[in-house]
Amino acid sequence: MRAVQVMAPGKTEIIDIPTPQMAAGKVFTRTLLASICGSDWPVVTHDRGDVKYPLAPGMPGHEVVAVVEQSDAPGFEQGDIVLDVGYDGSFREFQVREPEHLLKLPSDKPMDEMLMTQPLGAVIHGLRKWRTTVMGQTVVVIGQGTIGQFWTALIKMQGATRIIGLDLEDGRLALGRKMGATHQVNPSKSNAIEAVMDLTGGEGADMVVEAVGSETTYNWAAPMVRRGGSITFYGLPKKAVTPLDFVTLMRKDPTLYTSIRGEKDADFAAARELIASGRVYVKPLLTHRMPIAKVYQAHELAESRADNVMKVILEF
């Protein structure tokens, strides 16, 4: 079967590996679509500093919609469309899965839209960690890529009074406005920290979500939050070791959160319903489609932000 293997930073190959064998109690699936996460390209086009090459075949892909080819597990039948939440390398043609790693998706909804169940569910997982209400609060979302858009949409649903979206791309800021942001700041045109402080009367935001993963944006969070507020570091770092200004952070005395992945029943199932019902409208995020043979070019595009790219979907 075909699989992507990242041989070294900047080098991928489409290789042929043995097709996995069906086993008792398992589900055999065929990959239909995968998409590129912002955590993928730092280990495909660059060396993040914490992984060993070559990566296992299929890695680092983890956003995938598949069809069930065979099933020996209750609740799954041939032809079912499923989301694979096993995090075991989705850039390959076939998988043999534990049933607990699969979430059934509605067959009457566009598959590319339902694929967004994975990133939305991961954001829901992060939001569920918050110990304080969002109702009436001012929230800053640093980064308006796909993940930042989902944070913006969910925070709006929770009743935030002000949502301040930050991004270097005006097109992403415009989309964030449709998702629920009340204010937009482009750090290439104004000082990001000063802009947030002006919008909050010098107090800072109640909550700050960092959804980029760079040294610069990590270090914006503390100056932007009010004393005693909260910060969620959500963007996976582009480098494994990233400097952080702990003096400013500690002086603000915030509650800190981190989050990664999600839980099938609590997070991904909720995301599935939000997308299927139209409460979170994901179609504008699906900007590009490419065949799996162009997987490296797809990662380059996702990193570049060229051509108004948001989400790149890979077709098998």
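**Close-up 1. Y218 and F233, both buried****.** Buried here is under 20% relative accessible area, with exposed over 50% and partly exposed in between, using a 1.4 Å probe and protein chains only. This is a predicted model, where local features need pLDDT of at least 70 and side-chain atom pairs count only at pLDDT 80 or more, while totals for chains, interfaces and linings use all residues. Residues are numbered from 1 along each chain as its sequence is written, and side-chain values use heavy atoms, leaving out hydrogens and water.

**Close-up 2. Four aromatic pairs turn up in the model****.** To pair, rings of Phe, Tyr and Trp (its six-membered ring) need centres within 6.5 Å; planes under 30 degrees apart are stacked, over 60 edge-to-face, and the rest tilted. One of the pairs is W151 with Y234, edge-to-face at 5.6 Å centre to centre and 75° between the planes. W151 sits in helix 4 (residues 146-157) and Y234 in the loop between strand 12 (225-233) and helix 8 (246-252), so this pair ties together parts 83 residues apart in sequence. Helices (H or I, at least four residues) and strands (E, at least two) are DSSP runs numbered from the N terminus. W151 is buried at 0% relative accessibility, and Y234 is buried too, at 11%.

**Close-up 3. Y218 and F233 again, now as an edge-to-face pair****.** Their ring centres are 5.5 Å apart, with 85° between the planes. Y218 belongs to helix 7 (residues 215-224) and F233 to strand 12, so the contact ties together parts 15 residues apart in sequence.

**Close-up 4. W130, W151 and Y234 make a ring cluster****.** Ring pairs do the linking between these residues.

**Close-up 5. R261 over the face of Y87****.** R261 is 4.3 Å from the ring centre. For a charge to sit over a ring, NZ of Lys or CZ of Arg has to be within 6 Å of the ring centre and within 35 degrees of the ring normal.

**Close-up 6. The one cavity of 30 Å³ or more****.** On a 1 Å grid over the protein atoms alone, a cavity is a set of points where a 1.4 Å probe fits but cannot get out, and lining residues have an atom within 4 Å of a point. The largest cavity holds about 40 Å³ of space, a volume being the space filled by probe spheres set on the points, which are joined across faces, edges and corners. Its lining is Y218, N219, A222, P223, L244, D245, T248 and L249. Helix 7 and helix 8 are the elements giving two or more residues to this lining, and helix 7 has the largest share, four residues.

Methods. On a 1 Å grid over the protein atoms alone, a cavity is a set of points where a 1.4 Å probe fits but cannot get out, and a pocket is an open set with protein on both sides within 12 Å along at least five of seven lines; lining residues have an atom within 4 Å of a point.
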